[in-house]
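Visitor: Hey, can you walk me through this one? I'm new to reading structures.

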Amino acid sequence: MIKILVGAVTLVSLLMPIQASAEEPIVSAEALLHQMDEASRDLSYELSYILIKKNSIEPLRYRHAVEDGKTYAHLIYLSGPPREVIQRGREVSYFEPGLDPFTIDSNKMVAPLPPVMKTNIHELSDFYDFISMGRAREAGVACDVIRVAPKDGTRYSYLLWIDTRSHLVMRADLLDRDGEPLEQYRAVSYVVNPKVGEVLKNLSTVDLPAVVQLPPQPQADLGWSVNWLPQGFESVSRNRHRLVLTERPVESKMYSDGLFSLSIYVSDADNYTVREQLVRQGRRTLHSNVVGDKEVTVVGDIPPATARRIAESITFAKAPVVIPTAEGTKP
């Protein structure tokens with residue numbers, strides 16, 4: 001039912017374009033995205049929206065402001081168990097059912113917001129095309145419609161509806177390589193008002209959990225390499241750790257292009273390891289296969305064909321050959 005509704009609304013929106021006035025200056029798609037980026041970072045606003053996935057609809061409310069040079073933000077889930085995220089400058093606090101509240105040192109929320117918000121548009125321009133799609137109406141206002149499409153066709157794309165006045169994102173459709181929506185962010189109502197900043201500034205007096213002091217993560221030197229990635233993906237981290245439930249040792253590398261991210265995991269194969277599997281759920285793809293005595297798993301917001309190609313590009317360093325000598329063994 002949700003899938004049919006989403007498709008119908010998408011079609012209606014695109015079939016009802018709004019013509020720009022002949023007197024209005026023509027602004028490039030990239031310039032519009034820069035305006036969107038500045039608005040999402042600098043304005044005091046409240047945005048209520050729904051996140052539509054294949055089998056669910058999640059209502060949320062997001063507030064944002066900059067007061068005295070410090071960013072304040074508050075995201076709250078409006079249905080189900082109480083969940084919220086609070087940002088005060090470089091402190092982000094998470095409140096989740098079943099977990100003790102915690103705070104980390106970061107300048108960005110890990111939360112269901114359109115990833116294209118607060119993203120470096122200039123860097124994205126090297127790997128994505130920004131295409132103007134005209135104007136349409138969303139959340140009751142006129143919007144410029146922009147498509148953010150990968151130049152190499154190896155990842156997903158976004159279709160954005162940007163309010164012509166506030167330059168905030170009113171709608172963001174994540175599209176697969178066939179143009180079908182995987183998920184949608186759709187604004188229901190919004191307000192831009194300095195009073196939002198006054199309300200959020202009160203968060204400075206709220207008693208939040210202390211910042212968790214995470215131990216430094218050494219960039220482990222792993223014995224395998226990735227020989228192909230879509231252009232623009234750069235290494236974010238690499239480490240060795242053990243799975244919580246099984247204590248199984250795993251090596252991992254994480255990559256991001258500023259819009260999408262993926263992780264690669266390598267572990268020893270055993271009798272329970274599946275030779276190859278491919279699972280896609282919404283935007284997330286999991287692909288695993290066995291290379292020699294190792295299991296390689298790629299997980300990320302990428303198409304299945306891309307995940308498979310990355311997994312197949314993994315190569316392992318050869319172990320040093322041990323040569324016996326009269327004095328013992330030497331590599």
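Predicted model: local features only at pLDDT ≥ 70, side-chain atom pairs only at ≥ 80, totals over all residues.

Visitor: Let's start with helix H4. Which of its residues are buried?

Guide: H4 covers residues 194-201, and its buried residues are Val196, Gly197 and Leu200. Seen down the helix axis, they fall within an arc of 100°, so they line one face of H4.

Visitor: Why would residues spaced like that point the same way?

Guide: An α-helix has 3.6 residues a turn, so residues three or four places apart point the same way.

Visitor: And what do the buried residues of H4 pack against?

Guide: Four strands: S1 (45-53), S2 (56-67), S3 (70-77) and S11 (181-192). On the other side of H4, Pro194, Lys195 and Glu198 are exposed.

Visitor: What caps the N-terminal end of H4?

Guide: Asn193 does, with a side-chain oxygen 2.9 Å from the backbone nitrogen of Lys195.

Visitor: OK, new topic: strands. How do S4 and S5 pair?

Guide: In the antiparallel sense, over 5 bridges. They form a hairpin with 2 residues between them, and Gly89 in the turn has a positive phi of about 60°. Across the pair, Ile86 stands opposite Ser93 in S5.

Visitor: What stands opposite Ser93 in S6?

Guide: That's Thr103. S5 and S6 are antiparallel too, with 4 bridges, and their hairpin has 6 residues between the strands. Gly98 takes a positive phi near 85° there.

Visitor: Is Thr103 buried or exposed?

Guide: Thr103 counts as buried, because its relative accessibility is 1% and the cut-off for buried is under 20%. Its side chain also reaches the backbone oxygen of Pro209 at 2.7 Å. Other contacts of Thr103 include Glu91, Ala210 and Val212.

Visitor: Now the charged ones. How many salt bridges are there?

Guide: The count comes to 19. One of them joins the side chains of Arg186 and Glu138, at 2.7 Å from N to O. That pair links distant parts of the chain, with Arg186 in strand S11 and Glu138 in strand S7, 48 residues apart.

Visitor: Which residues are in a network with those two?

Guide: Arg171 and Asp173 are linked with Glu138 and Arg186 in a network of salt bridges. Arg186 is buried at 11% relative accessible area, and Glu138 is buried at 6%.

Visitor: What about Arg155, which residue does it meet?

Guide: Arg155 meets Asp257 in a salt bridge at 2.9 Å, N to O. Those two sit in loops, 102 residues apart. Arg155 counts as buried at 2% relative accessibility, and Asp257 does at 8%.

Conventions: Residues numbered from 1 in each chain as written. Heavy atoms only, no water. Buried < 20%, exposed > 50% of the residue type's maximum accessible area, 1.4 Å probe, protein only. Polar contact = N/O pair within 3.5 Å; in protein donor to acceptor, adjacent residues only side chain to side chain. Contact = heavy atoms within 4.5 Å. Arc of directions from axis to C-beta. Pairing = 2+ DSSP bridges. Salt bridge = Lys/Arg side-chain N within 4 Å of Asp/Glu carboxyl O.
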